[in-house]
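Subject: Structure handover

Dear colleague,

Here is the structure for your files. My notes on what turned up follow below it.

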Amino acid sequence: MTNDDTRGDATANLEIEPASMKSSGRCACCGKSRRTAWGFVYRDGGPRACYFVEWTLGRIDCAARFDVVVGSWFDGTTEDDREAVSLEYRLLDTGPSFAVVDAAGRPAAEVGRATKGSEVAGTPLAEEVVTIAGAVLEIDDRVSELSARAPA
Ligand SMILES: [Zn+2]
């Protein structure tokens, strides 16, 4: 991979801290169980984001969602100080792929302002969120079945 160096720089100061998970109903397309796992992201030692991953157990061909809420988490801040961004994840032949979609209605929209895919796509915010989602995919063992390196 030619981008190993840049990717290393982008994630070097990110820390992923897995928290809880819960089951979240059945997949609309295949009826298998879905699960949501969440956790926290620290950047340069301070709280930066929280993330939610919802996917269908054992089915990497079903679309998974990565919801990331980025912003201020200090005392006195509210959901208006944070942006909730939703990513649709698919594992393509070319590797992991994230598409920014609307965050309205997602659980993440309860802790941050729900953004629309069209307003976020192509911005530095989208770049940061995709970097975070990629780090989660790499570091959080609970979602390792979604990553390219997991056995089929
Ligand atoms: Zn499905």
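Arg82 lies over the face of Trp73, with 4.3 Å to the ring centre. Please keep in mind that this is a predicted model.

Aromatic rings

The search of the whole structure gave three aromatic pairs. One of them, Phe66 with Phe98, is edge-to-face, with the centres 5.2 Å apart and 85° between the planes. This pair links distant parts of the chain: Phe66 belongs to strand S4 (residues 64-71) and Phe98 to strand S6 (residues 95-101), 32 residues apart. Phe98 also pairs with Tyr89; here the centres are 5.1 Å apart and the planes stand at 40°, so this pair is tilted. Together, Phe66, Tyr89 and Phe98 make up one aromatic cluster. Phe66 counts as buried because its relative accessibility is 1%, under the 20% cut-off. Tyr89 is buried too, at 2% relative accessible area.

Zinc site

The zinc ion takes its protein donors from four cysteines, through the SG atoms of Cys27, Cys29, Cys30 and Cys62, at 2.2 to 2.4 Å. Along the chain these donors follow the spacing C-x1-C-C-x31-C. What is the geometry of the site of the zinc ion? The site is tetrahedral, with angles of 100 to 126° among the four donor atoms. For reference, the ideal angle for four tetrahedral donors is 109.5 degrees.

Regards

Methods: Residues are numbered from 1 along each chain as its sequence is written. This is a predicted model: local features need pLDDT of at least 70, side-chain atom pairs count only at pLDDT 80 or more; totals for chains, interfaces and linings use all residues. Side-chain values use heavy atoms; hydrogens and water are left out. Donors are N, O and S atoms within 2.8 Å of the metal (3.2 Å for Na, K and Ca); water is not among the atoms, so sites may look incomplete. Four donors count as tetrahedral if all angles lie between 85 and 135 degrees; four count as square planar and six as octahedral if opposite donors are over 155 degrees apart and all others between 65 and 115; anything else is irregular. Rings of Phe, Tyr and Trp (its six-membered ring) pair if their centres lie within 6.5 Å; planes under 30 degrees apart count as stacked, over 60 as edge-to-face and the rest as tilted. Helices (H or I, at least four residues) and strands (E, at least two) are DSSP runs, numbered from the N terminus. Buried means under 20% relative accessible area, exposed over 50%, partly exposed in between (1.4 Å probe, protein chains only). A charge sits over a ring if NZ of Lys or CZ of Arg is within 6 Å of the ring centre and within 35 degrees of the ring normal.
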